[in-house]
Amino acid sequence: MTEPRPAPPPLLPNQKLRRQILRSVAMGTAVVGASLLGFFPVLRKWIPRLRPPGALAEHEFLAACIKCGQCVQVCPVKAIHLGDIDEGYGLGVPHIVARNQACDFSCDVVQCVLACPTGALSHTLNRKEDVHMGLARLARPEACLARQGVGFKGQARGPAYKGIHRYVEVDRWKPIRVADHPYDLPLCDLCVRECPIKDAIALAPLSADPADKRRTPVVTSACVGCGMCEMICPAEPAAIVVDIRRQRGNAS
Amino acid sequence: MKLLDSLRIMLGAAPVRPTAYTEAAAAIHEAKRRVKGAERARAIKATHSETRKNTWRNRRWAVLIAVNLLFVVSYRFDVQLVEGALTASRVIGFHFADLNSALQVMLAFKHVLVNLVIGTGTVLFLWWLFGGRSFCSWVCPYHLLAELAEKIHLKLAAKRLVVDYPLHRGTRTVLYLVFAALAAISGFTVYESISPTGILSRALIYGPGLALIWVGALLAYEVLFIRRMWCRYICPVGLTYGIVGAVSPVQVTYNLENCLHEGDCRKVCLVPHVLECTKKSYAADVDLPIGADCTRCGLCVDACPTGSLRFRVKGLDKLL
C-alpha cells in the first residue's frame, strides 16, 4: 500500500489570475507570431505573381487589396485567381497565371478594375493600352517556330488545353476554347496574331535575304504584359514569357 | 454611465456587483431571499422539466447558412445579387465593406478610399441596426464551426478528457491594438492573413486552399484547450462590431421578476460576462439591457426556463 498523494492545495485567486494572464500573454504572442510569418513569402518574394490590370506597385497593392475577389467574379475568361496562405500577406490577393489563362481583354474595358472596391486595381485606368502588368520577352529563342521559319498546324496548346480566348472573327461577345480553334499557318505568328494590343509585338526578318522565311518576334514598349503571347505560344514550355512588372516602367 | 460600463466590460474589465438598486429591484431581491432553498429547487426543477427549445439557434443557423450560400450561389450561377466575399462585397450594386477589413486596408495603405467609406457606411448602419456583434453569430462562418467545436469540447470536458484554460478577456483589446499598429507600421494587412472569417468566406466562394489548415488547427485547439478561443479572446472583427452595436436598438433584455438565478443562460453563452446581472442580487434594476459584447445569438433566450431573457427592439414596443 502506498500512501495516497495529498491533493495539491487549491490555487489562491491571485495565483489563478497570474496563470491566466501568463497564458493570455503566451497565446497572444503565438497568434501575433503566426500572423508575422506572412512576412517571409512577401519579403523573400518566393512566389512572384503577375497581378491583374491596373494593380498598384506590389507593396501598395498588397496593402490596398481588401481580399474580396470581386475582380475574380467579373473576369469573362476567369483568368484571375486568389493567393493562398503560402503567399503570406498575399493571401486572398488576385493574380493571373498567364500560361494557363491569360488576360486577353475580352471584357473590352478593364472590368476587374471597375469591380475593385478599394482602387488596389487603380481606378485611373480606363484603356487597355495603359495597363502595365509586365513585359513580354523571348526567353527561349531556340524554341520559337518563327525563328526556325516553321509554320503551325493544329490546336495551339493541344486538345486537352482548357484556356479560352475571344476570337473576334468567331464571336465578338463569347470567348471560346483555344482547343476549339485550330490554326493552319504557313509561318507561326501566334504571339503576334493573338496579341490584343496594337503594335505591341511584330515579326522581324532574321536576315537581309528575302528568300529567308525566318522571323523573330520583337516586343515594343507598347506591350502591357497581359500574357496572351505566353498563353498561346505552341512551344512547350513557352518560348515567349511575360516578365512581371515590379514598378511602373521597370519590367525584367 | 451604463454604456461606459458595458464598453469597459467588453474591453476586458470584470463585471462588479451593483451597490445601489432601484426600489422595485430591491423589493424583488428581498422577496426572493425569503423563499427557502427547497422551494426554490422545486421551482427550478419544475420549469426545467419542459423540453429544451432551439428556436433561435435554428433560425440563426438558417440565416448564417443562407447568407453564406447567397455569396456562393450568386457567383456560381452569375446572379450578381451579392458579389465579393465577407471582407467586401456589392449587394445589388451597393458597396459593403467589413469594418475591420476596411480599417486594416486604410491603416496599411494610408489613404481614405471613397468606396470604402461608402461601403463601411452602409455596413455600419446595417450592423448598428441589427445589433453589432450579431454579425458574429448570424453571419460569420467561423462562428458556426466554432459552435460545433464547442459542442465537442463540452462533451469531452464532461468526460474529463479535456479542460478549458480560459484566457483573460483583455487579450482581445490588446491584440486589436497590436494588429492595428502592425497594419500601420508594416503597410500590410497583417490580420487578414490569419482571419478565419475571410479565409472561410473565400474558401466557400472561390474554392478551398491551404489556408483551411490554419482554420482547422484553430478549431482543434479550441476543442482540446480553450473553449471558443478565437471568438472570445482574439478576434478583432468581433470587437469592432461590439463597439458598433453598443447603442443598437436590437438587444437581448433581462427581466428580474421571474428569474430563478439557476444560471443556465451563462452556461451556453459565448460571452457570459454580459449575463452577470442574472446572478442572484446582481441586477440593479428590474429590466436591464445586456451588454455591448452580446452577439444576439439567442442561446440564452432559448435556454431560459422562465422567459426572463428576451429579444427586444428599442422603441418598437412603444410604437406598437
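**Domains, burial, sheets and chain contact**

Tutor: The C-alpha centres of domain 1 and domain 2 of chain B lie 28 Å apart; the domain bounds come from an automatic or database domain assignment. This is a predicted model, in which local features need pLDDT of at least 70 and side-chain atom pairs count only at pLDDT 80 or more, while totals for chains, interfaces and linings use all residues. Residues are numbered from 1 along each chain as its sequence is written, and chains are lettered from A and ligands numbered from 1 in the order in which they are written.

Student: Which residues does the domain assignment of chain B give to domain 1 and to domain 2?

Tutor: Domain 1 of chain B comprises 2-50 + 249-319, and domain 2 comprises 57-243. Their contact takes 18 residues from domain 1 of chain B and 18 residues from domain 2 of chain B, two residues being in contact if their C-beta atoms, placed from the backbone, lie within 7 Å.

Student: How is a strand pairing to be read?

Tutor: Strands of a sheet pair through backbone hydrogen bonds, either parallel or antiparallel. Strands here are DSSP runs (E, at least two residues), and helices are DSSP runs too (H or I, at least four residues), numbered from the N terminus; two strands pair if DSSP finds at least two bridges between them. In chain B, strands β1 (residues 82-85) and β2 (residues 88-91) run antiparallel and are joined by four bridges. A hairpin of two residues links β1(B) to β2(B), and B:E83 stands opposite B:R90 in β2(B).

Student: In what order do the three strands of the open sheet in chain B lie?

Tutor: The order is β5-β4-β6 (chain B), with antiparallel pairing. The edge strands, each pairing on one side only, are β5 (287-289) and β6 (309-313) of chain B. Three bridges connect β4(B) with β5(B), and B:Y254 has B:L288 in β5(B) as its bridge partner.

Student: Why is helix α13 of chain B described as largely enclosed by the rest of the structure?

Tutor: A residue is buried if 20 or more other C-beta atoms lie within 10 Å of its own, exposed if 12 or fewer, and partly exposed in between, with C-beta atoms placed from the backbone. Helix α13 (residues 236-244) of chain B is largely enclosed because eight of its nine residues are buried. Among them are B:P236, B:L239 and B:Y241.

Student: How many residues of chain A are in contact with chain B?

Tutor: 35 residues of chain A are in contact with 44 residues of chain B. On the side of chain A that touches chain B, α1(A) gives the most, with ten residues.
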